[in-house]
Number of protein chains: 4
Amino acid sequence: MIVAMTAGAPASATEAVLAAARAAGLEARAMSDGHGGALVGIHGTLDVEALRLSGIAGIQPKHKPYMLASREHRPHAPTVVKVGDVRIGGGRPVVMAGPCVVEGRETLLETAIAVKVAGADMLRGGAFKPRTSPYSFQGLGEAGLQHLAAARDATGLPVVTEVMEPESVDLVANYADMLQIGSRNMANFPLLRRAGQTRKPILLKRGFSATVEEWLMSAEYILAAGNPNVILCERGIRGFDPAFRFTLDLNAVPLLRELTHLPVIVDPSHGTGKRSLVSRMAIAGLAAGADGLMIEVHPDPEVAMCDGLQTITPADLSAIIRSGRALQTALLDAALDQDKSLVELPVALSA
Amino acid sequence: MIVAMTAGAPASATEAVLAAARAAGLEARAMSDGHGGALVGIHGTLDVEALRLSGIAGIQPKHKPYMLASREHRPHAPTVVKVGDVRIGGGRPVVMAGPCVVEGRETLLETAIAVKVAGADMLRGGAFKPRTSPYSFQGLGEAGLQHLAAARDATGLPVVTEVMEPESVDLVANYADMLQIGSRNMANFPLLRRAGQTRKPILLKRGFSATVEEWLMSAEYILAAGNPNVILCERGIRGFDPAFRFTLDLNAVPLLRELTHLPVIVDPSHGTGKRSLVSRMAIAGLAAGADGLMIEVHPDPEVAMCDGLQTITPADLSAIIRSGRALQTALLDAALDQDKSLVELPVALSA
Amino acid sequence: MIVAMTAGAPASATEAVLAAARAAGLEARAMSDGHGGALVGIHGTLDVEALRLSGIAGIQPKHKPYMLASREHRPHAPTVVKVGDVRIGGGRPVVMAGPCVVEGRETLLETAIAVKVAGADMLRGGAFKPRTSPYSFQGLGEAGLQHLAAARDATGLPVVTEVMEPESVDLVANYADMLQIGSRNMANFPLLRRAGQTRKPILLKRGFSATVEEWLMSAEYILAAGNPNVILCERGIRGFDPAFRFTLDLNAVPLLRELTHLPVIVDPSHGTGKRSLVSRMAIAGLAAGADGLMIEVHPDPEVAMCDGLQTITPADLSAIIRSGRALQTALLDAALDQDKSLVELPVALSA
Amino acid sequence: MIVAMTAGAPASATEAVLAAARAAGLEARAMSDGHGGALVGIHGTLDVEALRLSGIAGIQPKHKPYMLASREHRPHAPTVVKVGDVRIGGGRPVVMAGPCVVEGRETLLETAIAVKVAGADMLRGGAFKPRTSPYSFQGLGEAGLQHLAAARDATGLPVVTEVMEPESVDLVANYADMLQIGSRNMANFPLLRRAGQTRKPILLKRGFSATVEEWLMSAEYILAAGNPNVILCERGIRGFDPAFRFTLDLNAVPLLRELTHLPVIVDPSHGTGKRSLVSRMAIAGLAAGADGLMIEVHPDPEVAMCDGLQTITPADLSAIIRSGRALQTALLDAALDQDKSLVELPVALSA
């Protein structure tokens, strides 16, 4: 159940609800309602009325299994995650770009400058890489993290990079502005719990065969551990057609709008596996309502150490960003010009 | 192999190549190259040079298994299919809308007028319906076709409707402007062959578990039987997430641009199965480069006899069309304003 | 609803129920309960009690959407389909074997004799073949049917062959003992209805992306049209692993035992797509409880005109049949030797 | 490449090859060929002949990407993993049974005795459980491990239990005889590497959407880290039919026989998700050639804390084991009685 506290209720009122729940053996957690008010999520049923606690505005007895991640939890205030000066979920789509893997300090710096010039908001790059083969290059490790930090210092772009195991969360968090949990680790619950114990923003990629509900339950692990800064990233699901590495599931984007208050971004690089499809699917992702894009970019994709087939150039990125901005303006104007049925289009286009 | 005839070669030259191929026991077919020239597709290898035939400009020995449907066959002239005054594939997206099933003359006429006012270019509606259960309503049959013809006469909208078996092709073709072959019949080869023997435009929906290559091979059946007027319709693939009836595979749209000269449209109604996702996925389909949309519309979706959960209102349709037009203009302007990398965006946006 | 008639009720009592249902605008059909009694399946709800009809033993108001195919319809009498002297579903597994496609009279006869010697009960072979490419060999047509009939006359093996369109049902039924409806046509409803109008046994293959419920609904089309002689054939579903052409879904076999009274056979040739896996998966299919096997066999698989990669030799078939008989005897003995939990194993092993 | 050492070559010869490879910057690892000889797997190409090293019997330049796991690596000596006195892969199928999750000392002991009486060879049970919801019971942790050890001491059954993160490998290895890596962690590479640094047998479950090749690459991580004791467990893949929790992919069993020397077992509990299907699919798994079974068993499945719907009783288990033994004897007898085509049936039935 979810208990909404009255607007001016003191913190002690919220604490009393939490204490009552825990005394009854139920897990409970307080969260913001996004408007300055407080909510208490309780996993189970507590006879709140019988307890005669003060400061309670209302009770929602039934909800999704992912109670903290659910839209019902914050119906009027989608979550905006701040990464440095970048706001993810605030209406203006955000672009994260960079190489699949950090190859060295010079190449990374060159790429970082190029993606910044192209209009990107954040820099991505892998220092610890999950590779199918034990014999493939596994990333530069901490040296890669240092290069990312140096590229951030040089360009001002916040950096996002993957963390693969609970033991490395602190190390990666020392360098990065946002931690990525990759597709293969979406159901790595010890890692999710550990990520939930930091306050760093977490980019949670969808497992390539996870249902939307399973994905939200993984987000719930992070939220329930105390970290509200979760961003979801659709990156393609596994399908039956060998023509595609993965199938970008854009249906998930408008569905997530209905189900959750968390921001959603799209990764057309992994979602297609094919360079020539990335531009179109990036624009389609924004049209579907995404809050941003994550794209693999390399100055010379043909020689990239990893994922070259799906990597685009900075020039391609620049074209995507320009088209994306034009698209957003056009859809926004069309919405303002129309009747109620369009005003209900997702937040990203109405702000 | 594909044999290109010289620009001014007489018809007799083309016929000589066809005859030589057939004499060698190979299937062969002449087609337009879209620029006034002629091509001959030969299934197999013919030693053309040894034959000293005249009027041959060049030979392409290797090609896709779907030689007539392949982009190589018409690299510079995407196919435009004309249905009445409507041009599909000509750069301007086309919208086909209407009820899942024709329920009666009055309701259909009301819907036809409503979708025309909303901006649709064509009317859709089922007279023969493939239903999972033998006990479900199977459509009005020929009476439904008559209602469609009446609605066309009243509104001027060309009509598209499904044909389910070879024996019915002539009957349906008597009433409809375009024949639809549904997802469950994509690999109904006798039906494809029969449809190829008419000259009616054919809307070929993707089988919900067909690969893109299998889909193009089905188009090849129609082309090889002599009918060049084929439009492909992506309508969702079967996936593992019970949250969706089907998963709209927009990756297929830009891939088809590379592989074929045939027009491609998107059906976000079946591709989501959920009314609230249709608008966003329609716009995303256009952003992915589709030549048009097919959408289920009913004046009162809650009482529709079929597929009500995925059917939208005429007001929703109007909003989609306005947003779609704005999107196309914006993407076109962005493309004109940019460097070469964007000029190569698909035809639909550059014309 | 399903209405069970009393044991000795006259035909007129059953007809009265049918008439009452139809008078109420409901589809209704009489069927045997497998024990000499009669049942009436009514699609909808009829207030039978108010009608005071005689000869009614009981009413089952709720049932599966496939009421005629459901186990509830014949809980104690699984259907046995007779094809010539062969009984499918009677406890003893049945083996159908032969080439993918009929290549010629001599080769077919040689194969027919070889599979008979190996222990097969029926001969399979395609005269009309659904091929992905319009340029592939499509079968010999009626000549192929004649060869099949000749092979039957020579060996005594009943023959099963595919029919692809409604118009051909009568032609194929003139020659074949059992009609096969292939995977790509499982949802070809006009074909199902037409097959339901004959009394020939129908082998209904599962669509390679059909759910078990959709498959049973397709069987229901045939049953509802009046033909009770339906056999289901699991032949592999489409999956994500390129290592397999299809994934044989043996889970479906014991599930179908619970859901339907119809016999179930397994096709390990299409279900694996790989010759070296066929033997093991054939035996596994029997262990899962199948009533029989359909296997592609050719005297020289390397030169087979179709599906050679998944075709085995008559010697392989002989080994499979011997192992299969040994397995069945062993499981039956084990069952007789044990407590109730095993006595409830499917019929095929307890008879 | 793989370098085979001559039969009597001294260890120094093998070390010389290893040293030469590493000097050339290539990963290299020595392994037993299963017949007392040595092999060196080198990831890359080394000009061994030019090096004039002694004791080399032959070179295999091309092989699967999983060189240590590949059948080519040990073509004549399938790996047998010993867990206490239990031999997995030695021809006699092994049965691991027990509750999904350890619920308490008394219940576990009761279950352990019951599965031993039923004929099981090993006890399974979860102390650390991966759960989709953060609010579900996550297992008893170390207390659960202690209960497992106590049950082993009381019954003599070796125990297998899951480990979820690298940090816990030593803890779990202190109590368990075999470590399980679950489906959701098949691509948790830090965990695989850490498991490879122990010498404990590792049960590696297939990721529910992993290809067979990806699965073998994960096994390669463990082997390449130095632990040769890997057992593969097929436990069902994710499909499109809501009738099943997962689809048991028995095709994988005979395919793995061709590709790898590692033992393969089958888990029909997760592979079906439905109690009534477990017995049949267990037997089918053995018929497909599996070296053993892992089955969820609880004295009272209806009150099990986890996975009750797919859990069977000890009486069901007893029936499965009896049928399994009968099946194996029958198939072995049939094989001995037949020609070469059956003698090549997998090892599990010929020893």
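The model is predicted, with local features needing pLDDT of at least 70 and side-chain atom pairs counting only at pLDDT 80 or more, while totals for chains, interfaces and linings use all residues. Residues are numbered from 1 along each chain as its sequence is written, chains are lettered from A and ligands numbered from 1 in the order in which they are written, and side-chain values use heavy atoms, with hydrogens and water left out.

**Stop 1: helix 7 of chain B**

Select residues 212-224 of chain B, which make up helix 7 with its 13 residues. Helices here are DSSP runs of H or I with at least four residues, strands are runs of E with at least two, and both are numbered from the N terminus. From first C-alpha to last, helix 7 of chain B reaches 18 Å, close to the 18 Å expected at 1.5 Å a residue (the expected span is 1.5 Å times one less than the number of residues).

Now show the surroundings. Helix 7 of chain B is largely enclosed by the rest of the structure, because 12 of its 13 residues are buried. Buried means under 20% relative accessible area, exposed means over 50%, and partly exposed lies in between (1.4 Å probe, protein chains only). Then step past the end of the helix to Gly226(B), where phi is positive, near 110°.

**Stop 2: helix 7 of chain A**

Jump to residues 212-224 of chain A. The 13 residues of this helix 7 should span 18 Å at 1.5 Å a residue, and the end C-alpha atoms are 18 Å apart, which agrees. Here 12 of the 13 residues are buried, so helix 7 of chain A is largely enclosed by the rest of the structure. Among the buried ones are Val212(A), Glu214(A), Glu220(A) and Ala224(A). Their packing partners in chain A include strand 2 (27-32), helix 6 (189-196) and helix 8 (252-259). Just after the helix, Gly226(A) takes a positive phi of about 110°.

**Stop 3: chain B against chain A**

Colour these two chains separately. Contact, meaning heavy atoms within 4.5 Å, joins 54 residues of chain B to 54 residues of chain A. Between them the chains bury about 4000 Å², 64% of it on carbon and sulfur atoms; buried area is the accessible area (1.4 Å probe) that two parts lose on being put together, summed over both. Select Phe240(B), Asn251(B) and Arg280(B): these supply 21% of the area that chain B buries against chain A, more than any other three residues.

How many salt bridges are there between chain B and chain A? The count is four, a salt bridge being a side-chain nitrogen of Lys or Arg within 4 Å of a carboxyl oxygen of Asp or Glu. On the chain B side, helix 8, helix 9 (275-287), helix 10 (314-336) and helix 11 (340-343) each give two or more residues. Helix 10 of chain B has the largest share, 10 residues.

**Stop 4: chain D against chain C**

Next, bring up the other pair. Chain D puts in 54 residues and chain C 54 residues, and about 4000 Å² is buried between them, 64% of it on carbon and sulfur atoms. In chain D, Phe240(D), Asn251(D) and Arg280(D) lose the most area to chain C, together 21% of what that side buries. Four salt bridges cross this interface; Glu258(C) and Lys274(D) meet in a salt bridge at 3.5 Å, N to O.

**Stop 5: two loop residues**

Centre on Asn188(D), in the loop between strand 10 (178-181) and helix 6 (189-196) of chain D. Asn188(D) is buried, with a relative accessible area of 2%. Not counting residues up to four places away in sequence, Asn188(D) touches Met164(A), Asn185(A), Asn188(A) and Met164(D).

Finish at Thr211(C), in the loop between strand 11 (202-205) and helix 7 (212-224) of chain C. At 10% relative accessibility, Thr211(C) counts as buried. Neighbours within four places in sequence aside, Thr211(C) is in contact with Arg238(B), Arg206(C), Phe240(D), Asp241(D) and Pro242(D).
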